[in-house]
Every structure is written in structure tokens, then in C-alpha cells.
Amino acid sequence: MLTRLTLYDTKNRKNLEVQDQGGVVNIYCCGPTVYRAAHVGNFRTFLLADLIRKTLELNGLEVILVQNITDVGHMSEDVNQEDKILSQSAREKMDPFSLARKYELIFHEDLALLNIAKAQMYPRASECIALMQEFIQELLSKGYAYIGGDGCVYFDAKSSSNYGQLSGNRLDALKPGYRYEYTEDGAKRFHADWALWKLATNRTEMIWDSPWGSGFPGWHIECSAMSLKYLGKCINVHVGGIDLRFPHHENERAQSNAITGDDSIQLWSHGEHLLFEGRKMSKSAENVLLLDDVIERGFDPLSIRLVFLENRYRMQMNLTWDAISSAHATIKRWRALVSPYNAISGSKNLEILQTFNNDLDTPNVISILRRAEKDSGQNQAQKAELFLYADKVLGLDLGRNDPIKPLAESLKLLLAQRDTARKEKNWAESDRLRQLLEEAGLIIKDSALTQEWQWR
Ligand SMILES: [Zn+2]
């Protein structure tokens, strides 16, 4: 009998019950670095936080979720090791803060399209500089940090008694030159130490005054400062992608524990990697899939959510266009089955609840629904009851009877162009654009002032 949610804990390498604090569960989830639109692989991790939250709510608990927005200090791992935001702002010829806000907005739009409930707080790194400086000061005064040969402030990895417990990387076995820590060798006491505060040197944008000189914070300190500040010294669940386990989470844990004197994170939950059509999703391999690409092909964005749910969050999975297409068909079929009964509340079903509680076994929940769908012993209303209950976590909008497809960017552009053509009384162009829009499945109604559209 699983009366509570149990999750696999990366540090203890076993399933643990999620604890609460007087009926409230604190969750911290590492958020996006907003230098580009997050791809669907990133959203697999953000969905994990949502599934944990909704399952806890199904168990009658309250959840407080905090997710940070990284808009400074996340350095690229290539040879140039530039701040991801600054190098992209140079590429797009856009002020770094405007660039960050642009992608932050897209991030929120995509979350909404995937039915990922909003966190209570989205603190931005650039707005928490004083907070981070406070934490750095405390680490210095407690002897966990030092000022390096280059004037930057570093965390002393060897001062952390149980460094490596999370990732399994022991300090004495770590080889020098790990990613971007490399260039600081010489300034640091030990190669695995990492920067808490970097001096500006040649950098002129996104820098702040500090007791150690003008500069900017390291990436890892951001999550320690924000999680402890906004959730307190006991955080019930920390969520992130498996690629962040080392060094980001290992370093975050060392910093937080140095501040609190104890393990501040009770449970570390990590989501696995996503492959797309058999390959790692990367810009260099040119196979980055955005939610917009899915919408562009006419699929309901929640098809992505269903494909993810069909795979256990802890397993590496391969996303394919075939899977997205069949998930789209499944959602349509299920909505047809369920929506006539959408007034039903979806009363508690113990089998479904326990399956979610079993380390978020969503593939099994989907199997239960598929079996029920074919079961001739149940009537439609009974089936709808079951589906609506499961949908409280699945979040597929199964009660929706009028599927409103979001408009692809390309169609928004055509509508805008047609609007301009009409204002310029360019009727030939307006007719040409109308035909394109109608071919894409829209019905266009013109009035004297505006054009209105709806899906056919
Ligand atoms: Zn983080």
C-alpha cells in the first residue's frame, strides 16, 4: 500500500517517501538558462517537477515550488567559456537583459502549452545578486571559501566533508580540467574548486559591485542562495536533469550544506536524457526539437506530454515523430470518450493513485487507461470517471470537448501579412494569403475593420 509518493533518490540510490512539513512539500527545480528557447528535452525535466507536484496534490498535500531563471553566470563549456547570455546577445545584437526576458517569456508560454502548472516563484539570478553576495560572504567567514590568486572567490571543495556523495565522483579521483573550471587552474588551490564570484576583467556588461571587486556570480551559488532563501533550510525535493547531477548539483549541495551545517535537501530527483530520432538533441547535430516545431506540424502540444508520460522519467527515451503522431491520435480519441462527461469530478481511484505514488509509474497508469478503454464491462460514464481522475496528474485536458489548436508562428505571420495587405487595399495579395490560410485549415471571416479566424 503506497499511501504516499515515493521517489527514487539519487544520493541514497533507492526509493524514499517524500516528506512534508505540516502538509506542505517544498520543491526546488533548476530552471532554464534563458539564452534560447528551451527544447523539448529541457521540458521533460520541467514536466518531472509538475508530475511530482500534481501527484502530491492528488495525495491531499500542498506544494510550494520555486524555479530559478538563470540569466547570468552560466558559462558555455567550449574553449571560449563565455557567458551563454552575453554570447547570444552579441549574436542577436540585442541587449542581454532584453534577450533574457524574451526567452523567459517563451519559456512561460511553452510551460502553459504543456499544462505545466506555474511555480509560486521564478527568481531571476540577476535580481538576486545581493543575496548571492551574502551567501558568499558567509562561506568566506566560515572558512569554506577563499580568494584565489586572480582575486576571484572560490569554494574550497576539500572543505566539504562528504563531497561526491550525490554523483559518486570522489575528489581524489577527479581529474583536473573538468569543463569550464579549467582556465582558473593556477588561481585556485585545487582543480576541483569552483568560482563563487568572478571578477569582471574585460567584461563590461552584466557586472555588479561587490566587496571583492566588480564582477558576476558563478552559476552554482545561484541555486543554493535561492533555494535556501525562498524555501528555508529544509527542502523536501530537489528536481533537475541528470546532466546537472555533476558538477552543478554536487557543488550546490556542498555550498548549501556548508551554510546550514546539515543536508538541506531531503531527496534529489533527476530526470533522464531524451534522444530525438535516436540521437542526442544538440544544436551542433542540428536536431533540436522545439515545441513550436511540433505545433507547426499540426500536432496538439500535449502529444509531447503524453509521449513523455508513456516513458518512465528515469529511463532514457527516444522521441520520434511517429510517437508524437500516435499520441496526438490517442488524445483525440480519449477526449471524444471523456468530454461528454466532463462535469464528472473524477472520484478517487486507489489503483491509479498508488501507481502514481510508485515513483511516478506513468507508463503503468497509461496501460490501465488503455485496458479500461477496451473493457466492454464498463460503461462510458465509468470510464470517463477513471480517465478524469488520472488526468489530474496526466494533464492531457481529456475533459476538453473543443480542442483549440494553438496557432503556429507561420500562420500568425500569414494573418499579419494579410492584415497589412488589406489595409493597403492590395486585394490580390489578400486573396492569395486567404487561400494559403484556408489550405492550412483556417476559416477566415472579414469585417470592415478586422479579419477573424477559426479552425475548420
Ligand atoms: Zn540549479
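## Zinc site and ring contacts

Trainee: Which ring does Arg 314 lie over?

Mentor: Arg 314 lies over the face of Tyr 8, at 4.2 Å from the ring centre. Keep in mind that this is a predicted model.

Trainee: And what does Arg 203 lie over?

Mentor: That is the face of Phe 216, with Arg 203 at 3.6 Å from the ring centre.

Trainee: Switching to the metal, which residues coordinate the zinc ion?

Mentor: Cys 30 through SG, Cys 223 through SG and His 248 through NE2, at 2.1 to 2.2 Å. Along the chain, the donors follow the spacing C-x192-C-x24-H.

Trainee: Where do Cys 30 and Cys 223 sit?

Mentor: Cys 30 is in the loop between β3 and α1, while Cys 223 is in helix α5, so to speak of the pair is to link distant parts of the chain, 193 residues apart.

Trainee: Are those cysteines, Cys 30 and Cys 223, buried or exposed?

Mentor: Both Cys 30 and Cys 223 are buried.

Trainee: Back to rings. How many aromatic pairs does the structure hold?

Mentor: Twelve aromatic pairs. One of them joins Phe 43 and Phe 46 edge-to-face, 5.6 Å centre to centre with 85° between the planes. Both lie in helix α1, three residues apart, about one turn of the helix.

Trainee: Why does Phe 43 count as buried?

Mentor: Because its relative accessibility is 1%, and the cut-off for buried is under 20%. Phe 46 is buried too, at 6%.

Trainee: Which cluster do ring pairs link?

Mentor: Phe 43, Phe 46, Phe 107 and Tyr 122.

Methods: Residues are numbered from 1 along each chain as its sequence is written. This is a predicted model: local features need pLDDT of at least 70, side-chain atom pairs count only at pLDDT 80 or more; totals for chains, interfaces and linings use all residues. Side-chain values use heavy atoms; hydrogens and water are left out. Donors are N, O and S atoms within 2.8 Å of the metal (3.2 Å for Na, K and Ca); water is not among the atoms, so sites may look incomplete. Helices (H or I, at least four residues) and strands (E, at least two) are DSSP runs, numbered from the N terminus. Buried means under 20% relative accessible area, exposed over 50%, partly exposed in between (1.4 Å probe, protein chains only). Rings of Phe, Tyr and Trp (its six-membered ring) pair if their centres lie within 6.5 Å; planes under 30 degrees apart count as stacked, over 60 as edge-to-face and the rest as tilted. A charge sits over a ring if NZ of Lys or CZ of Arg is within 6 Å of the ring centre and within 35 degrees of the ring normal.
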